[in-house]
Amino acid sequence: MANAFASEWIKLRRRSLFYGSYVAILAVACLVTVLTFGTAGGTAATGPGGASAPLSQLAQSGGSVNGLEGSLTILGVIAFAIAASQMAMEYGQGTLRNLLVRQSRRILFLVGKFLAVSTFMIGAVALATVGSVVMAFVMAHDRGIPTDEWTMLSGLRAMGTGFIDVALATVGFALLGMTLGIVMRSSVAAVAIGIAYLLPVEQILASTVTSTAGYLPGQLLSAVAQGGTSTIGYAHSLVGTLLYLAVAAGIGIALFVRRDVAS
């Protein structure tokens, strides 16, 4: 498993993939944060009658990671695409057979590969978290939003919780991507099908048939990243996500172990 982990990281360290992915994820997190704060309405102060405007909500302890949580859909698509392509390329380039000669225990090989991709994505989320929080402070200053609660213990705890939730959801997308890569054995097909489902198909289903939102994998992962939403509770989203990921992992392992590798 350790050798599979190390060999996968050799590929992940390629400059085009490493820097390209990390810069893209950082840029997405910062852009979503800017848009979140830039388009928020109302004032930072509590309105008449005690009604809280959107800007005053951003001033609460979890406001610093609001943009990061909102960028999960795009981060998830990137994680899905990277994991799917990394797995499917082994079939397409004919390198899987040589790798399995060195590591014949396929489950350990697959686990090592998944852990490598997961740590790669967690590192990207950590960078995105730092960039998003810094941008949140900049935008808060520009919009006149008080940030006192962000630097309190509750605010620091919210930053840590936000990072963990987004990282978990991103790893979940990566696992789904690896599974589809094993199923399709083609990078182009796996990425195309995954993106087509996660963006237009699932978004249309969730918006037109609202009762399905709590049962769609992408929506559940997004709810996990946000610590739960008004329509999908955190516990429900976490349990649903774990069930989906368990099924995906089972399918991926079964196919990977039983299939013959011809080239």
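A residue is called buried when its relative accessible area is under 20%, exposed when that area is over 50%, and partly exposed in between, as computed with a 1.4 Å probe on protein chains only. By this rule Thr33 is buried, because its relative accessible area is 0%. The structure is a predicted model, in which local features need pLDDT of at least 70 and side-chain atom pairs count only at pLDDT 80 or more, whereas totals for chains, interfaces and linings use all residues. Residues are numbered from 1 along each chain as its sequence is written, and side-chain values use heavy atoms, with hydrogens and water left out.

Thr33 belongs to helix α2, which covers residues 15-38; helices here are DSSP runs of H or I with at least four residues, strands are runs of E with at least two, and the numbering starts from the N terminus. The 24 residues of α2 reach 33 Å from the first C-alpha to the last, close to the 34 Å expected at 1.5 Å a residue, where the expected span is 1.5 Å times one less than the number of residues. Besides Thr33, the buried residues of α2 include Leu17, Ser21, Tyr22, Ile25, Val28 and Phe37. The cover over the buried residues of this helix includes α1, α3 (54-58), α4 (66-70), α5 and α7.

Once neighbours within four places in sequence are set aside, Thr33 is in contact with Gly67, Leu68, Ser132, Met135 and Ala136, contact meaning heavy atoms within 4.5 Å. Ile25, also in helix α2, is buried with a relative accessible area of 1%. Not counting residues up to four places away in sequence, Ile25 touches Leu75, Ile78, Met121, Ala124 and Ala128. The C-alpha atoms of Ile25 and Ser71 are 9.1 Å apart in space, although 46 residues separate the two in sequence.

Helix α7 also meets helix α1. The axes of α1 (residues 2-12) and α7 (residues 106-143) come within 8 Å and cross at roughly 40°, each axis being a line fitted to C-alpha atoms, for helices over the stretch in contact, with angles running from 0 to 180 degrees between N-to-C directions. That angle makes α1 oblique to α7, because angles under 35 degrees count as roughly parallel, over 145 as roughly antiparallel, 65 to 115 as roughly perpendicular and the rest as oblique. The crossing of α1 past α7 is right-handed; a crossing has this hand if the near helix is turned clockwise from the far one by less than a right angle, and is left-handed if anticlockwise. Among the residues that make the contact are Phe5, Trp9 and Leu12 of α1 and Leu108, Phe109 and Phe120 of α7. By class, this contact of α1 with α7 has ten nonpolar, two polar and three charged residues, where Ala, Val, Leu, Ile, Met, Phe, Trp, Tyr, Cys and Pro count as nonpolar, Asp, Glu, Lys and Arg as charged, and the others, Gly among them, as polar.

The 38 residues of α7 should span 56 Å at 1.5 Å a residue, and the end C-alpha atoms of this helix are 54 Å apart, which agrees. After α7 comes Gly144, which has a positive phi near 75°.

The contact is made by Phe173, Leu180, Gly181 and Met184 of α8 and by Ala189, Ala190, Ile193, Gly194 and Leu198 of α9. The contact of α8 with α9 has seven nonpolar, two polar and no charged residues. In the loop between α8 and α9 (187-208) lies Arg185, which has a positive phi of about 60° although it is not a glycine. Most residues other than glycine have a negative phi. With 38% relative accessibility, Arg185 counts as partly exposed.

Helix α11 (residues 234-258) has buried residues including Ser237, Gly240, Thr241, Leu245 and Phe256. The buried residues of α11 pack against α5 (72-92), α6 (96-102), α7, α8 (153-184) and α10 (217-225). With α10, helix α11 packs at an angle of about 130°, their axes being 8 Å apart, which makes α10 oblique to α11. The crossing of these two helices, α10 and α11, is left-handed.
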